[in-house]
Amino acid sequence: MDFLTLLQVLDTSVRLATPLLLACLAGLYSERSGVVDIGLEGKMLAAAFFSAAVAFYSGSAWVGLLAGVGASVALAVIHGLASVTFRGNQLISGVAINFLAAGMTVLVAQSWFRQGGRTPPLEGDARFNPIELPFAIGPKDAEAAGKPLSQMISEAGPLQQFYSELISGHSSLVYLALLTVPLTWWLLFRTRFGLRLRAVGENPAAVDTAGVSVVWLRYAAVLICGVLCGVAGAYLSSALQAGFVKDMTAGRGFIALAALIFAKWRPVYALWACLLFGLFQALELRPDIIENVSGIKVQVQLLGALPYILTVVILAGFVGKAIPPKASAEPYIKER
Amino acid sequence: MDKMPKWADIVLIPLISLLLAAFFSALVILAIGENPIEALKLMVDGALMRSSGWGYTLYYATNFIFTGLAVSVAFHARLFNIGGEGQAMLGGLGVALCCLYVPWPHWSLAILGASVGAALFGALWALIPAYLQAKRGSHIVITTIMFNFIAAAILNYVLVELLRPVGAMDPASAKFPDATHLPSFQDMFSTESNKMFRGAPANVTFFLALAASVFVWLLMWRTKLGYQIRAFGHSESGALYAGINPVRITVIAMLISGALAGMMSVNTTMGESERLILNSTEGAGFIGIAVALMGRNHPFGVLLAAILFGFLYQGGAELALWTSIPRELIVVIQALVILFTGALDNMVREPLEKLFIAMRRRNA
């Protein structure tokens, strides 16, 4: 495998890792506060539909993003009501939210567009288009030189190839997702809010005794989770792809959940876990590459299942035990 | 003393939750510009007013009885088995292997053999998450979710690479031999002059599902093992002091749960498609969650809830056929039922409890 092919695979990995990363960080806020969220998938799906639909009507991807975030936050509020206010079973609430999103998106899509549960394809500013960083070789340079882009890049030096192919040319949401990682780290480990958030996931009674509202903290975490899932969904339908199709999240919410466990509920590890799982997804699209490099024919089904298998192995504690926040999934009852 | 009479807990709360779910479903239908009353009429006509409608309703109900029982047995041990879907997929593989590679002389023996195969494969698929939960403390919800995806990958691999007949395009096994054909309701109940259940897929497996309900009831309320499972679910520490081994109970409860989920595939794979196909489970494993919640984890409740969901499924198919409402309406209704009977249970329960306490005070 030559250097450029490697770069292309990594480039695809980054693009596929982005929705995983956003959803994974979303889950991180929620679970760190003691609210387990298996409804990441549903929130992403709802956001994917509403962002694509509104982007189609408004012609602006950013307006679409707002709508997607709105839809995701609405589902997050339901999850908050069920798990914080009414102290219900958080897992069951997550299951319900996944189904609600799976059904509602198709129902509304059919009612609005009548195209079998999809939105019309998005074009131009209704999509998040690739951003070309300074000094990178992009489509405009290729046009100016009168040569195809692929030829321009293959003729460039390795450093320029690395910069143009892998670093540059992603949509703004990719860079936003990458920035969210240090931001999350800073918020959780360097601010008072973060300390309280982590404490409420470990020992809510102690936080309550200190005079800080458990309910407010958990709602804040659930809402942040909703916002990030919303961005993840918008990225899926208006950056990675051009429009919404039925069930387009395709289990990504659960891969994100797996990545969260794999990362042991830490933001920087989450980045690596999501990039790894993104790489698996990229290789699933290009099984020929593994065969060329290793000489072994790898089943694509195995690659698809690898994130789940690795998560089970990690959960089993055979390779570095993953310990969730102590108060996970336990509703807090102030007084009996 | 209980805060509420027992009938309120068993009948009133599920009924109110169901009404809430129905109310919001009606709102959804209104919002997409259709008439909810017309829709309900169509659903009732299509699912309950003809024998063939009942044939479909009971076919779906058969699946949901198995998966609902599976979820409820695990719930009794306070284990949330969300992996019914994967266990049913593997159960289908068990059915297919039994039907394809064993020369059965008669369907009555074949259904027994296939049931054992399905139960065995389903139980095995539940065994690993159960063991990891019991021995290593890995959360069973997460592991069973992961196992659903792994099961889908395995089934995909087996169908594409191993069981697909040479030259066939679609990922499915060969057709099962004729001797394994299960009598459908049409075969069983039609007379020369009066054709009943025409073309409907309901088959003899329905009675197997009824037997499974009775079995679960006997097991949970009439045996020592059932008592231990329920005691463990009520209080793990209490059970521990009573000498109940938590590892043993966790594993056994999940094995029974997985076996029941796996047996669903006797209905779909052997009774309907007569070959193993991708996605034969069609989400029935997840509907088991709604069914178990609605049925309050009691086999009789599960039976009623399964028939209700069978009706919704068949009615939903009719709606999709005659109106512009897509089948996904059923997914929304299912979500609302899970939400109100499961997650928002306290929202209904707390005001009712207050009401009953207030009434009791006035009477005292």
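Does B:Asn297 count as buried or exposed, and how many C-beta neighbours lie inside 10 Å of this residue? In the predicted model, B:Asn297 counts as buried because 21 C-beta neighbours fall inside 10 Å. The cut-off for a buried residue is 20 or more other C-beta atoms within 10 Å. B:Asn297 lies in the loop between α12 and α13 of chain B, and its phi is positive, at about 60°, although the residue is not a glycine.

The loop holds another residue of this kind. B:Arg296 is placed between α12 (284-294) and α13 (299-322) of chain B, and its phi, near 50°, is likewise a positive value in a residue other than glycine. Most residues other than glycine have a negative phi. B:Arg296 is classed as partly exposed because 18 other C-beta atoms lie within 10 Å, whereas B:Asn297 is buried.

Confidence scores were examined for the whole model and for chain B. The model has an ipTM of 0.90 and a pTM of 0.91. For chain B the average pLDDT is 90, and 99% of the residues score at least 70. Among the elements of this chain, the lowest mean pLDDT, 85, belongs to helix α7 (residues 185-189), and the highest, 95, to helix α8 (residues 205-222).

The two chains meet through 35 residues of chain B and 37 residues of chain A. On the side of chain B that touches chain A, the elements giving two or more residues are α5 (107-136), α6 (140-163), α14 (329-343) and α15 (345-363). Helix α6(B) supplies the largest share, 10 residues. By class, this side of chain B comprises 24 nonpolar, eight polar and three charged residues.

Helix α6 of chain B also takes part in covering a helix of chain A. Helix α12 (residues 252-262) of chain A is mostly covered, with 11 of its 11 residues buried. Among them are A:Arg252 at one position and the nonpolar residues A:Phe254, A:Leu257 and A:Phe262. The cover over the buried residues of α12(A) includes α1 (3-32), α2 (40-58), α13 (267-285) and α15 (300-315) of chain A, together with α6 of chain B. Just after α12(A), A:Lys264 adopts a positive phi of about 50°.

In soluble globular proteins, nonpolar side chains tend to be buried together.

Within chain B, helix α1 (residues 6-31) packs with α14(B) at an angle of about 145°, the axes being 9 Å apart. The crossing of these helices is right-handed. On α1(B), the contact is made by B:Pro14, B:Ser17, B:Leu18, B:Leu20, B:Ala21, B:Phe24, B:Ser25 and B:Val28, and on α14(B) by B:Val332, B:Ile333, B:Leu336, B:Val337, B:Phe340 and B:Thr341. By class, the contact has 11 nonpolar and three polar residues, with no charged residues. Helix α14(B) is also among the elements giving two or more residues to the side of chain B that touches chain A.

Terms used: Residues are numbered from 1 along each chain as its sequence is written. Chains are lettered from A and ligands numbered from 1 in the order in which they are written. This is a predicted model: local features need pLDDT of at least 70, side-chain atom pairs count only at pLDDT 80 or more; totals for chains, interfaces and linings use all residues. Helices (H or I, at least four residues) and strands (E, at least two) are DSSP runs, numbered from the N terminus. A residue is buried if 20 or more other C-beta atoms lie within 10 Å of its own, exposed if 12 or fewer, and partly exposed in between; C-beta atoms are placed from the backbone. Two residues are in contact if their C-beta atoms, placed from the backbone, lie within 7 Å. pLDDT is the predictor's confidence in each residue, from 0 to 100. Axes are lines fitted to C-alpha atoms, for helices over the stretch in contact, and angles run from 0 to 180 degrees between N-to-C directions. A crossing is left-handed if the near helix is turned anticlockwise from the far one by less than a right angle, and right-handed if clockwise.
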